[in-house]
Amino acid sequence: MEQASDNYLIEQILEGRTECFSALMERYDKPVFSLIVKIVDNRQDAEELTQDVFLKAFRSLFSFRHDSSFSTWLYRIAWNAAVSATRKQQNDWLPLDDDLATDLADEDAENEVENMSGNEQTERLHKALGQLPPDDRALITMFYMQDKTTDEISRISGLSLPNVKTRLHRIRKRLFTLMTKQY
């Protein structure tokens with residue numbers, strides 16, 4: 001059953017073989033959790049939200065229309081749940097001005113990053129990611145860590161394709177700026 005396609009498993013579930021849903025959960029548990037934890041930035045909250053996402057997906061499976069892949073549909077549920085949860089938390093995020101990136105001399109900044117050790121680059125990247133708003137962290141995570149296309153990200157997030165591309169570009173610039181900024 002592990003090798004069965006998502007569509008086959010969905011058909012089986014809708015025909016009453018609800019135990020097939022466990023195969024979908026096993027298949028998507030880690031990627032959904034990964035997406036959620038990048039948004040909410042709290043493992044316990046992410047674990048709870050992941051369970052909520054799968055429960056909602058199971059209850060709503062009859063509404064899955066197959067106009068996108070099951071994973072895209074599931075990620076959309078996860079995205080909405082995680083973003084809603086972060087909005088309720090009322091966190092204060094570092095205000096990032098789009099002009100902030102232009103404050104650095106590009107050549108100097110590139111040299112600074114090139115002169116960092118791999119560990120320092122990784123450490124600064126993680127710190128910079130932590131300073132981004134949750135939905136920006138999620139977009140970057142989906143694109144770079146989960147290898148989602150911009151089209152998939154558009155369907156998951158509900159953002160237009162040009163908006164996804166623009167936001168990814170701006171987020172990369174912000175990350176670079178934050179990494180090269182003196183802490």
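A residue is termed buried when its relative accessible area is under 20%, exposed when it is over 50%, and partly exposed in between (1.4 Å probe, protein chains only). The structure is a predicted model, in which local features need pLDDT of at least 70 and side-chain atom pairs count only at pLDDT 80 or more, while totals for chains, interfaces and linings use all residues. Residues are numbered from 1 along each chain as its sequence is written, and side-chain values use heavy atoms, with hydrogens and water left out.

Helices are DSSP runs (H or I, at least four residues), numbered from the N terminus. Helix α9 comprises 20 residues, 161–180. From the first C-alpha to the last, α9 reaches 29 Å, close to the 28 Å expected at 1.5 Å a residue; the expected span is 1.5 Å times one less than the number of residues. The buried residues of α9 are Val164, Arg167, Leu168, Ile171, Arg174, Leu175, Thr177, Leu178, Met179 and Thr180.

Salt bridges, defined by a side-chain nitrogen of Lys or Arg within 4 Å of a carboxyl oxygen of Asp or Glu, number 9 in the structure. One of them joins arginine 167 to aspartate 135, at 3.0 Å from N to O. Because arginine 167 lies in helix α9 and aspartate 135 in helix α7, this pair ties together parts that are 32 residues apart in sequence. Arginine 167 is buried, at 18% relative accessibility, whereas aspartate 135 is partly exposed at 24%. Both residues belong to a network of salt bridges that links Asp135, Asp136, Arg167 and Arg174.

The closest N and O atoms of arginine 124 and glutamate 120 are 3.5 Å apart. In general, an α-helix has 3.6 residues a turn, so residues three or four places apart point the same way. Arginine 124 is buried, with a relative accessible area of 12%, and glutamate 120 is partly exposed at 32%. Arginine 65 and aspartate 67 also form a salt bridge, at 3.2 Å from N to O. Here arginine 65 is exposed at 64% relative accessibility, and aspartate 67 is exposed at 56%.

Lysine 148, located in the loop between α7 (134–145) and α8 (150–157), is buried yet has no salt bridge. The nearest side chain of opposite charge is that of glutamate 152, 4.6 Å away; Lys and Arg count as positive and Asp and Glu as negative, with His and the chain ends not counted. Contacts (heavy atoms within 4.5 Å) of lysine 148, leaving aside neighbours within four places in sequence, involve Ser71, Tyr75, Met142, Phe143, Ile153 and Ile156.

Aromatic pairs were assigned where the ring centres of Phe, Tyr and Trp (its six-membered ring) lie within 6.5 Å; planes under 30 degrees apart count as stacked, over 60 as edge-to-face and the rest as tilted. The count comes to 7 aromatic pairs. Phenylalanine 21 and phenylalanine 58 form an edge-to-face pair, with centres 5.1 Å apart and planes at 65°. This pair links distant parts of the chain, as phenylalanine 21 is in helix α2 (residues 21–40) and phenylalanine 58 in helix α3 (residues 43–60), 37 residues apart. Phenylalanine 21 is buried at 5% relative accessible area, whereas phenylalanine 58 is partly exposed at 33%. Ring pairs also link Tyr28, Phe64, Phe70 and Trp73 into a cluster.

Notes:
Helix = DSSP H or I, 4+ residues; strand = E, 2+ residues; numbered from the N terminus.
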